[in-house]
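Please read the following points with the model open beside you, and check each one against the coordinates as you go. The note begins with a term that is needed later and then moves through the chain part by part.

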Amino acid sequence: MEDLTRGRRLLVLAICCSSLFIVGLDSTIVNLALPAIRSEFGASVAKLQWTIDAYTLVLASLLMVSGSTADRVGRRRTFQAGLVLFGIGSLLCGVASSIDLLIAFRVLQAVGGSMLNPVAMSIITNTFTNPRERAQAIGVWGGVVGLSMAVGPVVGGALVDAAGWRFIFWINVPVTIAAVLMTAFFVPESRAAVPRRMDPVGRVLVVLLLGGLTYGIIEGRSAGWGSPLIIGCFLVCVSAAVTLVYYERRREEPLLEPRFFRSAPFSGATLIAVCGFSALSGFLFLNSLYLQSARGFTALHAGLLTLPMAAMTVVFAPISGWLVGHRGPRVPLVVAGTMLTASGLILSRLGTSTSTVQLLIGYLVFGLGFGMLNAPITNAAVSGMPRSQAGVAAAIASTSRQVGASLGVAIAGTVLTARLVGPLETGFVDAARLCWYIIAGCGALVLILGLITTSAWARRTADALVKAG
């Protein structure tokens with residue numbers, strides 16, 4: 001990549017962050033629109049789960065493919081293709097005539113989305129070569145997550161109430177058009193000096209692993225946990241995982257780079273991402289149903305109540321990036337794990353008449369914790385890795401986020417449905433209590449893993465990987 005002035009580098013950062021913004025906006029708005037979608041199509045809780053997980057599952061399955069493809073054919077070209085597909089998918093979601101068609105078009109959205117965030121992170125990594133400047137850029141990147149969460153509930157609530165849920169997808173279209181044009185004019189093309197070979201077997205195994213696991217969790221209760229279908233799903237999942245490890249270890253240029261996982265900080269970052277984003281997706285899924293179904297708030301009212309949580313993410317994500325760049329990842333991870341645990345415990349006490357003050361305390365604590373989480377995950381993924389494989393390293397981190405997002409919705413929806421007695425409107429509070437405890441448990445795992453992966457032993461494993469090349 002050509003040498004760029006600081007102003008040009010910041011412009012590239014802004015353009016790349018636009019992809020994160022529309023994906024984050026989409027996630028927040030879609031969760032907020034679930035009650036409206038449920039009402040129009042008469043959808044079950046399982047179908048609502050698939051409305052979210054069809055997107056995150058396909059995204060998780062293709063992220064590593066997109067990262068390695070971008071390193072080979074060009075990051076700008078791949079990024080632009082992803083924007084176009086995401087825009088078309090969004091347009092089609094807005095005209096879906098059934099819940100099944102909506103789920104299918106969400107899959108198309110995800111194919112485009114898989115080409116956005118990891119590729120954009122790879123562009124940023126190759127643009128900001130100074131470690132401290134890179135950490136600060138990643139902090140801004142994390143802040144955009146919070147910004148999309150802050151704008152999403154208000155804009156989404158207003159759109160759902162005033163114009164209908166279909167407009168939450170159509171709003172993505174002008175943003176993608178603008179991003180495509182800006183990318184063409186201002187983002188230089190870059191690719192790996194030595195392109196990686198394609199790995200179709202690895203791709204299929206990743207899809208089987210994630211698909212079998214998610215389908216088994218979501219459909220297990222309705223199909224029966226002991227049914228041949230569900231047992232078969234979990235057997236496919238386990239078999240794919242074992243085969244993937246065996247196969248990738250023997251490839252010269254694997255899709256999933258096993259040597260990356262010799263670094264305890266990198267391995268820990270992937271697990272932390274799964275736990276942290278499981279907590280986030282479970283929170284968004286449950287909170288939307290709680291506010292609109294159990295409490296009877298409008299979509300706009302629900303969005304406004306969630307705004308303080310998103311605002312905390314906006315404030316603390318750049319602070320987390322600064323701390324990672326100047327002090328290392330331990331403090332942000334400890335704060336993130338502690339706050340996510342506390343918020344899950346606070347929200348487990350929610351009832352049908354919980355005061356606004358208690359509700360907002362839970363949201364503020366959650367927003368603080370999540371705001372501190374993203375920068376140390378991403379920094380661990382790309383620091384100490386070869387710049388030529390930045391797309392693959394960033395894609396592994398992004399994949400772990402999406403795996404967490406898929407599992408969070410799958411587990412929360414399955415536990416909620418299993419414990420639900422009566423209609424959702426009256427039985428939600430009691431049924432969801434265990435789900436909030438699970439979210440608290442995810443936070444506790446973030447805390448424990450954060451302490452382990454920032455230890456002196458963990459740093460030695462990372463240094464050994466760098467020396468080994």
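1. A residue is called buried when its relative accessible area is under 20%, exposed when it is over 50%, and partly exposed in between, with a 1.4 Å probe and protein chains only. By this rule D430, at 54% relative accessibility, counts as exposed.

2. Some ground rules come before the details. This is a predicted model, in which local features need pLDDT of at least 70 and side-chain atom pairs count only at pLDDT 80 or more, while totals for chains, interfaces and linings use all residues. Residues are numbered from 1 along each chain as its sequence is written, and side-chain values use heavy atoms, with hydrogens and water left out.

3. The protein chain is divided into domain 1 (1-187), domain 2 (201-255) and domain 3 (259-464), the bounds coming from an automatic or database domain assignment. Between the C-alpha centres of domain 1 and domain 3 there is a distance of 19 Å. Their contact, a word that means heavy atoms within 4.5 Å, takes 45 residues from domain 1 and 52 residues from domain 3.

4. What area is buried between domain 1 and domain 3? The value is about 4,100 Å², and carbon and sulfur atoms give 69% of it; buried area here is the accessible area (1.4 Å probe) that two parts lose on being put together, summed over both. Across this interface the rule finds seven residue pairs in polar contact, both residues of a pair being at pLDDT 80 or more. A polar contact is a pair of N or O atoms within 3.5 Å; within protein, one must be able to donate a hydrogen and the other to accept it, and residues adjacent in sequence count only if both atoms are side-chain atoms. The count of salt bridges between domain 1 and domain 3 is zero, a salt bridge being a side-chain nitrogen of Lys or Arg within 4 Å of a carboxyl oxygen of Asp or Glu.

5. On the side of domain 1 that touches domain 3, α1 (6-41), α2 (45-73), α5 (117-127) and α6 (131-162) each supply at least two residues. Helices (H or I, at least four residues) and strands (E, at least two) are DSSP runs, numbered from the N terminus. Helix α6 gives the most to this side, with 19 residues. Sorted by class, the side has 23 nonpolar, 15 polar and seven charged residues, where Ala, Val, Leu, Ile, Met, Phe, Trp, Tyr, Cys and Pro count as nonpolar, Asp, Glu, Lys and Arg as charged, and the others, Gly among them, as polar.

6. How many salt bridges does the structure hold? There are three in the structure, and one of them joins R166 to E40, with the closest N and O atoms 2.9 Å apart. Because R166 lies in the loop between α6 and α7 (167-170) while E40 belongs to helix α1, the pair ties together parts that are 126 residues apart in sequence. E40 is partly exposed, its relative accessible area being 43%.

7. D100 and K47 also meet through their side chains in a salt bridge, at 2.8 Å from N to O. D100 is in helix α4 (residues 99-113) and K47 in helix α2, so this pair ties together parts that are 53 residues apart in sequence. Both residues count as partly exposed, D100 with a relative accessible area of 46% and K47 with 30%.

8. In the salt bridge between D430 and R433, the N to O distance is 3.4 Å. The two residues both lie in helix α17 (residues 424-453), three residues apart, which is about one turn of the helix. R433 is partly exposed at 22%, whereas D430 is exposed at 54%.

9. Helix α12 (residues 299-327) deserves a separate look, and T306 has its place there. Is T306 buried or exposed? T306 counts as buried because its relative accessibility is 7%. Leaving aside neighbours within four places in sequence, T306 is in contact with P153, N287, L291 and Y363.

10. A310 is in helix α12 as well, and at 1% relative accessibility A310 is buried. The C-alpha atoms of A310 and L364 are separated by 8.2 Å, although the two residues are 54 residues apart along the chain.
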